[in-house]
Amino acid sequence: MWKQLLLMQILFVPKQSTLRCPAEEDGSQQFHLVRECQRAATDDALALENTSSLEECMSLARQLRGLALNYAPGRRNYSEQPKKNENRREKDVRRRLNVFQQPGEFFNCHVLQCPQNISFSGMLNDSRFDYFSLYGRPKALYNISCVPEVGLFVIYTKHSSYTNATAVCNNAVEFSGSLAHVASERRTSGLAQLLRDYNRQRSESAIFLAYVGLQYNRSTSVRPIDYRNAQQESLLCFLHRAWHVGHPRLGGSQANASCVALTPQGTWQTLSCDHELPFICEILRSSSPSQLDTGANSADVCAANE
């Protein structure tokens with residue numbers, strides 16, 4: 001019933017108002033080449049497949065919401081060959097592994113939940129493969145968290161007003177970002193899990209509320225429940241709601257409680273935008289065409305493995 005009411009609210013928005021909704025995904029999200037002759041570990045891979053082209057592998061990754069992938073180009077000798085310098089014991093061990101325990105030998109397309117961070121600690125030298133990511137080269141931060149199949153986020157613990165939190169996310173030197181988008185069950189639950197994980201590790205400085213990208217603005221919102229994300233897309237465009245009991249605050253109190261914070265329990269609360277809280281930034285996906293990483297242990301990998 002509530003979904004029907006929401007649809008009616010969207011359909012009967014006054015004509016003079018502007019309701020901005022996100023465009024449907026058109027498959028244009030670009031995976032960028034980050035490392036040549038290396039592949040990321042596939043312990044938590046979303047899929048291990050054989051595809052006829054890189055484009056087909058990328059299409060599969062978009063379909064499964066993968067954030068990175070390994071691909072073995074046809075220009076390299078992908079077919080399984082006896083490994084150089086492999087002794088008898090190593091051969092025996094490899095024979096006992098099933099195909100999913102040695103994906104590099106049997107699948108040329110590996111769709112991954114999350115990209116590598118700045119340390120590249122999960123990379124393996126393999127001259128048959130290249131590694132791609134929606135985010136390009138990893139950002140120069142060690143406190144980036146991945147919500148699988150959703151994106152990359154940074155929790156800022158310094159208490160800030162909503163306006164200042166927005167400015168920090170929008171103007172970060174290390175990445176292009178915004179306050180985190182939460183208008184889906186996957187996003188809300190994933191970000192709430194990040195807060196719970198943080199609190200388990202740092203109980204003395206636990207976070208009970210963190211600003212996210214959702215705000216009511218009388219100058220742009222078309223009705224009281226028309227909260228907008230950082231991209232000015234209306235909450236009316238999305239089905240998911242996670243309001244805490246007693247929220248959102250409407251009527252006369254809404255002007256003083258028009259910004260949204262996330263709880264570790266996965267609910268949304270409205271409060272004054274002047275209230276200072278921790279906040280969550282979302283790292284936006286890269287649009288730069290050149291993202292090849294030439295850092296440590298990368299430049300000579302192909303030459304060393306040919």
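User: Hi! Is Cys 37 buried or exposed?

Analyst: Cys 37 is buried, at a relative accessible area of 0%. Buried here means under 20% relative accessible area, exposed means over 50%, and partly exposed is in between (1.4 Å probe, protein chains only). One thing to keep in mind: this is a predicted model, where local features need pLDDT of at least 70 and side-chain atom pairs count only at pLDDT 80 or more, while totals for chains, interfaces and linings use all residues. Residues are numbered from 1 along each chain as its sequence is written, and side-chain values use heavy atoms, with hydrogens and water left out.

User: Thanks. Where does Cys 37 lie, and what is its phi?

Analyst: Cys 37 lies in strand S1. Its phi is near 60°, which is positive although the residue is not glycine. Helices (H or I, at least four residues) and strands (E, at least two) are DSSP runs, numbered from the N terminus.

User: What about phi of Glu 149?

Analyst: Glu 149 also has a positive phi without being glycine, near 70°. This residue sits in the loop between strand S6 (144–147) and strand S7 (151–160).

User: And which peptide bond is cis?

Analyst: The one from His 247 to Pro 248 is cis, with omega near 0°. Pro 248 belongs to the loop between strand S9 (210–215) and strand S10 (259–262).

User: Let's go to the open sheet. What is the strand order?

Analyst: The order is S1-S5-S3-S4-S2, an open sheet of 5 strands with antiparallel pairing. Two strands pair if DSSP finds at least two bridges between them.

User: Why is one side of S1 and of S2 left without a neighbour in the sheet?

Analyst: Strand S1 (32–40) and strand S2 (45–49) stand at the edges and each has a single partner strand, so one side of each has no neighbour in the sheet. Neighbouring strands of this sheet are turned by 20° against each other on average, direction ignored. For such angles, axes are lines fitted to C-alpha atoms, for helices over the stretch in contact, and angles run from 0 to 180 degrees between N-to-C directions.

User: How many bridges join S3 to S4?

Analyst: There are 4 bridges between strand S3 (residues 68–71) and strand S4 (residues 109–112), and the two run antiparallel. Leu 69, for instance, has Val 111 in S4 as its bridge partner. S2 and S4 are antiparallel too, over 4 bridges, and there Leu 48 has His 110 in S4 as its bridge partner.

User: Are the faces of S4 covered or open?

Analyst: Both are covered: Cys 109 and Val 111 are buried on one side, His 110 and Leu 112 on the other. In a regular strand the side chains alternate between the two faces of the sheet.

User: Which helix lies across S3 and S4?

Analyst: Helix H2 (residues 54–63) does, and it also lies across S2 and strand S5 (123–133), running at about 150° to S3. Contact means heavy atoms within 4.5 Å.

User: New topic: how many disulfides does a search of the whole structure find?

Analyst: The search finds 5, a disulfide being a pair of cysteine sulfur atoms within 2.5 Å. One of them is formed by Cys 114 and Cys 146, with sulfur atoms 2.0 Å apart. The torsion about their S-S bond is about -85°, so that disulfide is left-handed. Cys 114 lies in the loop between S4 and S5 and Cys 146 in strand S6, so the pair ties together parts 32 residues apart in sequence.

User: What is the relative accessibility of Cys 114?

Analyst: For Cys 114 the value is 23%, so it counts as partly exposed. Cys 146 is partly exposed as well, with 23%.

User: What does Cys 169 join to?

Analyst: A disulfide joins Cys 169 to Cys 281, S to S 1.9 Å. It links distant parts of the chain, with Cys 169 in helix H5 (residues 162–170) and Cys 281 in strand S12 (residues 277–283), 112 residues apart. This link is left-handed, with -85° about the S-S bond. Cys 169 is buried at 0% relative accessibility, and Cys 281 is buried at 0% too.

User: And which way does the disulfide of Cys 259 and Cys 273 go, left-handed or right-handed?

Analyst: Its torsion about the S-S bond is about 95°, so it is right-handed. Cys 259 lies in strand S10 and Cys 273 in the loop between strand S11 (268–271) and S12, so the pair ties together parts 14 residues apart in sequence. The S to S distance is 1.9 Å, and Cys 259 and Cys 273 are both buried.
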